[in-house]
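Look over the sequence and the model below. Then read on for a short tour, from the whole chain down to one side chain.

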Amino acid sequence: MSADGRTAVIDVGSNSIRLVVFDGHGRLPAFLFNEKVMVGLGARRDETGGLRDDAIADALGILRRFQSLAKAMNVTDMRAVATAAVREAGNGPDFLAQLEDIGLNVRLLSGQDEARLAAMGVLSAIPDAEGLVGDLGGGSLELARIEGGQVHECASFPLGVLRVAELRSSGKKGALKGAVATALKSADWVKKCEGQPLFLVGGSWRALARVDMQRTKFPLPIVHHYTMQAERASKLVRLIARIDKAKLSCVPSMASQRIPHLPNGAAMLSQLVKQIGVGELVVSAYGLREGLLYERHDDRARQIDPLNAATREEGERQGRFPEHGDLLDRWIAPLFDHESETDQRIRLAACLLADTGWRAHPEFRAERGLEMALHGNWVGIESNGRGKLAQALFTNFGGGVGVVEELVNLCSKKELAQAARWGLAMRFGQRLSGGVAGPLETSRVSLEDDKLVLSLDQSDAALYSQPVAKRHRQLADAFEKKSKMQLLANA
């Protein structure tokens, strides 16, 4: 990615044309701007199968707008791609030539390219993902197998939601089932994914997940990493068939243009579940567009944890002391030395965000912590992890030592109690040090028998005032231990 300026991706798809502008050149840049227009190139064909003149005119108008916006936003790295609708149209090359005439060089992706980039987008946001990636677009369905942080076999089939609609309306019984079976027979490697997760990419499947979130009263509004059991696919087919369309339009974040495609998206998902035998279904809001950025990274950059990269950047931007989060995590770590790697990641993320609430009104800092954790644009974290992060920040920002009841639908009370101890430990370290590095570098905390011990350098003895002692006792109480302060002998 460009180290200066901004990066943008234009995706000319079968259903929509989208512009996404990314800000920054880190492991996972922030979304600065995102606009989608439902043009329906895949459905607007002439009698020869080519793109209709009016469809081309609409697309050109939208793309000129996107070019102007990108220029105004100081985009220096523009990447434009086209997928199945343009790839399969007889006049697709003519359309690409018209785009070149207006100064837009568009990369025409093969089906294999689409599958690989969609899978790379999933890996960019869920680095430990292993299983099958399915990207359902308007004109095609892409499948890719991911394992060990790598994309392996890929395939593309003309089975997008527009094609599924044609099959289901053909009057031939079992037409969709047969088409899926034929496709999967040509890609027998999908058998390796039996019992593994299916990662769902594409607007139709995200919209389907939002229906399920509404139906199950899922406590978070974030679709990324939303997980369903495989049997939900067939239930969604029946639900979508009988639900009133007006009710669908009331589903939060549901684009009205997606509603007509829900039955076909559900039907395709159900067939894949039945014929492959996949395990749980995991929604990914990251796909082809993010894959275009991820493919430019070297292996070293890809190894960076996206959760901790994002929270570190936020901590540096909003906090007072840039080194604070990493140092605070190292300081409290001896109190939590038996935690899983997953919990260690969440704890580090909490520490990286521990100093971001200082600008907020003191009475609302705890609520800010909840909001930041639950609704922040983080990836590489599931809903359970968001719950732990929220509890830790709520406690750290002065919300109290008790479990936040609204989080019990995301985590067990035992997990939340542990996260509250993270928050108390962070709060203790911040009070002791004032947020600066020195006192944390020369002191340590430890659990010794029935005591939670703070060991201070002789030169820092004056730091142990009444407010520090109070937070020391609160943390010790949370561990059901007594507090003890000891001074280290001078070397």
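Among contacts in the chain with a separation of 6 or more, 70% join residues 24 or more positions apart. Contact means heavy atoms within 4.5 Å. This is a predicted model: local features need pLDDT of at least 70, side-chain atom pairs count only at pLDDT 80 or more, and totals for chains, interfaces and linings use all residues. Residues are numbered from 1 along each chain as its sequence is written, and side-chain values use heavy atoms, with hydrogens and water left out.

The C-alpha trace spans about 85 × 45 × 40 Å along its principal axes. Of the 491 residues, 54% count as buried (under 20% relative accessible area, 1.4 Å probe, protein chains only).

The chain holds 20 helices and 14 strands. These are DSSP runs, numbered from the N terminus: helices are H or I, at least four residues, and strands are E, at least two.

Take helix α7 (residues 203–216) and helix α10 (residues 262–276). Their axes come within 9 Å and cross at roughly 95°. Axes are lines fitted to C-alpha atoms, for helices over the stretch in contact, and angles run from 0 to 180 degrees between N-to-C directions. So α7 is roughly perpendicular to α10 (65 to 115 degrees). On the α7 side, the contact includes W205 and L208; on the α10 side, it includes M268 and L272.

## R232

R232 lies in helix α8 (residues 232–242). Its side chain makes a polar contact with the side chain of D212 (2.4 Å). A polar contact is a pair of N or O atoms within 3.5 Å; within protein, one must be able to donate a hydrogen and the other to accept it, and residues adjacent in sequence count only if both atoms are side-chain atoms.

How values were computed:
Angles under 35 degrees count as roughly parallel, over 145 as roughly antiparallel, 65 to 115 as roughly perpendicular and the rest as oblique. Buried means under 20% relative accessible area, exposed over 50%, partly exposed in between (1.4 Å probe, protein chains only).
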